[in-house]
Amino acid sequence: MLLHWCLLLIGFSLSTSTTAAEAILWVKTGEKFTMKCSTTLKDQDGMYLYVGLDRDREVLYYYQRGSKLTSRKGYWDRVTTEGPVDQLTITVSNLTIEDTGVYWCVYTKVNKSTFNNFSTQGKGSTLVVVNDDAPQLPCPTATAVTLTPFHLANEKLCPSGVVNIIIIIIITSLLTILLCAVIFLIWVAPRVKRCCNQGGSTPQVFPESVYEDMARKHTYPPDTQVES
């Protein structure tokens with residue numbers, strides 16, 4: 001499980017090199033999180049919310065005309081929205097471990113002349129980690145349920161660069177310890193055990209019949225003396 005979180009955070013850290021991410025949320029199973037999607041572009045037709053590093057799962061589509069919300073399978077009774085499409089607040093409730101991932105805001109607009117659909121990533125991309133223990137980073141940018149998604153209440157916001165550096169340091173340390181443990185168990189430990197087994201010498205033991213025969217011939221094994 002620890003390796004799973006490490007790999008997830010590595011992928012998220014790499015993705016932030018080209019895409020800004022404003023928040024990291026640590027929440028417990030059964031609770032909820034809130035994030036805000038926004039854009040400076042005008043007259044957007046709607047907004048998709050995706051989850052996954054590759055945006056491989058669609059959570060919802062919000063159509064600005066009529067403020068129509070379409071939730072996808074698995075989110076039908078767990079998603080609510082508030083506000084206009086360009087300042088949309090989204091809440092996902094009753095979280096499970098499977099809800100862990102990076103949530104992306106993608107705005108769309110159809111060109112009425114060519115009917116081509118143009119997509120633009122909005123602000124508010126958020127990494128959500130759902131766990132029974134809900135651990136906290138040393139410098140969290142957000143916490144879920146009772147607080148806003150981009151900063152802790154009454155707490156100074158940490159720069160995203162600082163958070164990324166902390167994540168990289170933690171991940172590097174954990175992976176180094178894990179790698180050392182694997183190397184020790186696979187390569188070092190068997191060789192140490194084999195050396196211990198081969199290093200000890202077994203003293204030579206002569207049976208009593210040999211001593212009796214040598215005594216009759218007045219000869220003795222090496223390093224053996226007879227008291228006078």
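User: Is C180 buried, partly exposed or exposed, and what is its relative accessibility?

Analyst: The model is predicted: local features need pLDDT of at least 70, side-chain atom pairs count only at pLDDT 80 or more, and totals for chains, interfaces and linings use all residues. Residues are numbered from 1 along each chain as its sequence is written, and side-chain values use heavy atoms, with hydrogens and water left out. Buried means under 20% relative accessible area, exposed over 50%, and partly exposed in between (1.4 Å probe, protein chains only). C180 therefore counts as partly exposed, at a relative accessibility of 47%.

User: Which cysteines form the disulfide, and what is its handedness?

Analyst: A disulfide is taken as a pair of cysteine sulfur atoms within 2.5 Å, and the search of the whole structure finds 1. It joins C37 to C105, with an S to S distance of 1.9 Å. C37 lies in strand β2 (residues 33-38) and C105 in strand β8, 68 residues apart, so the pair links distant parts of the chain. The torsion about the S-S bond is about -60°, and therefore the disulfide of C37 and C105 is left-handed.

User: What is the relative accessibility of C37 and of C105?

Analyst: C37 counts as buried, because its relative accessibility is 0%. C105 also counts as buried, with a relative accessibility of 0%.

User: Which residues does T108 contact beyond its neighbours within four places in sequence?

Analyst: T108 is found in strand β8 (residues 101-110); strands are DSSP runs of E, at least two residues, and helices are runs of H or I, at least four, numbered from the N terminus. T108 counts as buried because its relative accessibility is 4%. With contact meaning heavy atoms within 4.5 Å, the partners of T108 are Q44, D45, G46, Y48, Y61, N117, F118 and S119.

User: What is the pattern of secondary structure along the protein chain?

Analyst: The protein chain has 3 helices and 10 strands. Read along the sequence, the pattern is α-β-β-β-β-β-β-β-β-β-β-α-α.

User: What is the average pLDDT of the protein chain, and where does pLDDT stay under 50?

Analyst: pLDDT is the predictor's confidence in each residue, from 0 to 100. The average over the protein chain is 75, and 63% of the residues score at least 70. Where pLDDT is low, the predicted coordinates should not be read in detail. The stretches under 50 include residues 1-7 and residues 12-20.
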